[in-house]
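User: I'm new to this one and would like someone to walk me through it. Could we start from the picture?

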Amino acid sequence: MTKILVSACLLGQKVRYDSKGALCGDERFQKWYDEGRFMPICPEVTGGLPTPRPPAEIRGDRVVTAAGEDFTAAFEAGAQAALKLAQEHGVAFAILKQNSPSCGSLHVYDGSFTGAKVAGEGRTAALLRLHGFKVFGEDQLDEAERELAASSGSG
Ligand code: SF4
């Protein structure tokens, strides 16, 4: 069974900074869940941050809140935990929540706390890619579906 690392919030787990989930309603996503393919993790919670927590964004090489609190160490710890989980379970790839400073894989918020986004990747997505894992957002399930077919053959 080909496994997929997944952002816990996409499964509806209430782990986001605002204590909400971000359930992905795509039927393919639900199918992969039913098949038991997902290895969920919330890097920020696993890295030691509470829920709820202040939103954080990437500024340069740091991850900070609007008030200037530096969350970089927790984000790095969460990224390392996600990498360890991916390696231990031999996941084929990851599907992570887009725009997050941890999980974003194409875009992240720009550090201004205005809702503006820039091209870039979160700390967990970047570390996974550095170690050879492909990362897709929940907005790239066509690509993920192709990758799953290529990785698993018949399943
Ligand atoms: Fe979701 Fe990732 Fe943010 Fe956790 S760190 S709430 S899994 S986007």
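User: How are the residues numbered, and what are the scores?
Analyst: Residues are numbered from 1 along each chain as its sequence is written. This is a predicted model, in which local features need pLDDT of at least 70, side-chain atom pairs count only at pLDDT 80 or more, and totals for chains, interfaces and linings use all residues. The model scores are ipTM 0.99 and pTM 0.96.

User: Which residues are around the ligand?
Analyst: They are Ser7, Ala8, Cys9, Val15, Arg16, Cys42, Pro43, Glu44, Lys97, Ser100, Ser102 and Cys103, where near means that the C-beta atom, placed from the backbone, lies within 6 Å of the molecule.

User: And by class, what is that shell made of?
Analyst: It has six nonpolar, three polar and three charged residues; Ala, Val, Leu, Ile, Met, Phe, Trp, Tyr, Cys and Pro count as nonpolar, Asp, Glu, Lys and Arg as charged, and the others, Gly among them, as polar.

User: Switching topic, what is the span of helix H3?
Analyst: Helix H3, residues 72-89, has 18 residues and reaches 26 Å from its first C-alpha to its last, close to the 26 Å expected at 1.5 Å a residue, the expected span being 1.5 Å times one less than the number of residues. Helices (H or I, at least four residues) and strands (E, at least two) are DSSP runs, numbered from the N terminus.

User: Which of its residues are buried?
Analyst: In H3 these are Ala74, Phe75, Gly78, Ala79, Ala82, Leu83 and Ala86. A residue is buried if 20 or more other C-beta atoms lie within 10 Å of its own, exposed if 12 or fewer, and partly exposed in between, with C-beta atoms placed from the backbone.

User: What comes after H3?
Analyst: H3 is followed by Gly90, whose phi is positive, near 60°.

User: Which residue other than glycine has a positive phi of about 80°?
Analyst: That is Asn99, in the loop between S5 and strand S6 (107-109), and Asn99 counts as partly exposed because it has 18 C-beta neighbours inside 10 Å.

User: Where is the cis peptide bond?
Analyst: The bond from Thr51 to Pro52 is cis, with omega near 0°, and Pro52 is found in the loop between H2 and strand S3 (56-59).
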